[in-house]
Structures are given as C-alpha cells and as structure tokens.
Amino acid sequence: MLEARFESPLAGREVPADTYVSMREISERGMIDLRGSAADRKFMATAKSALGVDLPKQPRTTATWGDVRVFWLSPDQWLITCPRAKAQEMADQLSQDLAGVHSLAINVSDMRAVIRLEGEGVREVVMKGTAIDLTHGDYPPGTVRRMRFAEVAALLHIVEDNVIDIYVFRSFAQYTWDFLRKAARKGTEVRIFPKAG
C-alpha cells in the first residue's frame with residue numbers, strides 16, 4: 001500500500017554561501033487555516049481553549065503560546081503555525097471543539113513553503129522585491145502581513161529585527177528562492193536604508 005509522504009518544493013536546495021544574509025527553508029512548520037467570526041464569543045473562547053492563546057484581533061499582529069503561533073490574516077481568518085507533526089492532530093481537535101460553531105479549521109501545511117532570511121540587511125533584501133518600507137516603525141518584530149513580493153502573493157512575518165520568514169505558495173517556492181538568492185548576493189548590498197528596529 002502506498003503511503004503519502006511530504007516532500008518540500010525546495011528539497012535538495014543547498015544553503016547558499018554567496019549571500020550577505022543567510023537563507024534557508026523551514027520545512028518542519030505545520031500550518032492550519034482557521035476561519036470564524038471574531039465577534040462570536042463562543043468561537044473565540046473555544047479557539048483560545050484549544051490553542052492556549054487568544055486569537056489576535058488587531059491587523060498584522062501575532063500571538064504565541066509555546067510552539068504555537070497565530071497570525072492575524074483578516075477579521076475572520078487566522079493562520080496557526082506549529083510543528084508539522086502536530087498540525088493534523090491540532091486541526092482535528094479544533095474541528096471537534098468547534099463543532100456546531102460556524103467555523104473551519106483545516107491543515108494546510110503542504111500549501112506553502114517558508115523561507116527564512118537572517119542577518120544584518122535582511123529588511124533591505126526583502127525590500128528589493130516589494131514596495132513596503134520595512135524600515136518604518138510600523139514593522140516591529142511580531143508583525144505579519146500579506147504582500148506582493150517579486151510579483152507573487154506572499155506572507156511576511158518579522159520574527160526578530162534581523163530575522164524574517166516569507167511564506168509563499170509551494171508552486172512559487174523555487175522562483176522566490178531564486179529571486180531572494182540573487183537579491184541577497186554578496187556585492188549587491190545597498191546600505192542606503194536607515195537601520196531598522
């Protein structure tokens with residue numbers, strides 16, 4: 001009997017040595033798409049009970065409890081990240097707990113690839129592919145937002161001042177990886193932006 005197994009769209013890619021910020025794929029991250037109404041007290045309370053943390057209500061914010069992180073995506077949508085091995089169990093538990101409540105919890109771990117950029121100049125590298133000014137004070141650690149990056153849909157998460165995760169649909173993973181590798185190539189530093197933070 002055949003058994004399904006996960007394979008990253010970036011499997012086999014070596015960590016480049018010719019970039020001025022480090023880049024690598026985070027393939028062990030699980031993701032759950034959670035939909036429901038923030039105005040529904042039962043939905044919010046049940047989600048908190050299952051996740052251990054309140055769902056963030058403010059745009060572009062995140063909430064964290066242990067190895068679970070919740071991204072605000074819209075007034076009725078959140079992306080929950082957790083270890084890949086826990087994602088299906090957590091999605092099943094959410095679905096069970098939210099039975100009878102207008103909501104949806106589904107494991108979407110295979111939908112996206114996550115590329116982590118790390119090091120001084122990481123915001124500059126990302127700004128080479130988007131019109132967003134990441135040196136602005138509106139982008140502290142913990143910020144999450146959807147964006148157009150190199151003309152594709154992406155999700156940006158500022159983990160720390162010099163650590164950024166970019167989520168893209170898996171069909172764009174290779175393209176995004178190649179774009180970032182060129183944008184971060186040694187010798188292409190711009191250094192005209194003020195230090196972010």
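Trainee: Is Arg35 buried, partly exposed or exposed?

Mentor: Arg35 is partly exposed, with a relative accessible area of 30%. Buried means under 20% relative accessible area, exposed over 50%, and partly exposed in between (1.4 Å probe, protein chains only). This is a predicted model, in which local features need pLDDT of at least 70, side-chain atom pairs count only at pLDDT 80 or more, and totals for chains, interfaces and linings use all residues. Residues are numbered from 1 along each chain as its sequence is written, and side-chain values use heavy atoms, with hydrogens and water left out.

Trainee: Which residue forms a salt bridge with Arg35?

Mentor: Asp76 does, with the closest N and O atoms 3.3 Å apart. A salt bridge is a side-chain nitrogen of Lys or Arg within 4 Å of a carboxyl oxygen of Asp or Glu.

Trainee: How many salt bridges does the structure hold?

Mentor: The structure holds 9 salt bridges. One of them joins the side chains of Asp165 and Arg29 (3.0 Å, N to O). Another links Arg116 with Asp165, at 2.7 Å between the closest N and O atoms.

Trainee: Changing topic, why is strand β7 largely enclosed?

Mentor: Because 6 of the 7 residues of β7 (residues 112-118) are buried, the strand is largely enclosed by the rest of the structure. Strands (E, at least two residues) and helices (H or I, at least four) are DSSP runs, numbered from the N terminus.

Trainee: What does β7 pair with over 7 bridges?

Mentor: It pairs with strand β10 (residues 163-169), in the antiparallel sense. Two strands pair if DSSP finds at least two bridges between them.
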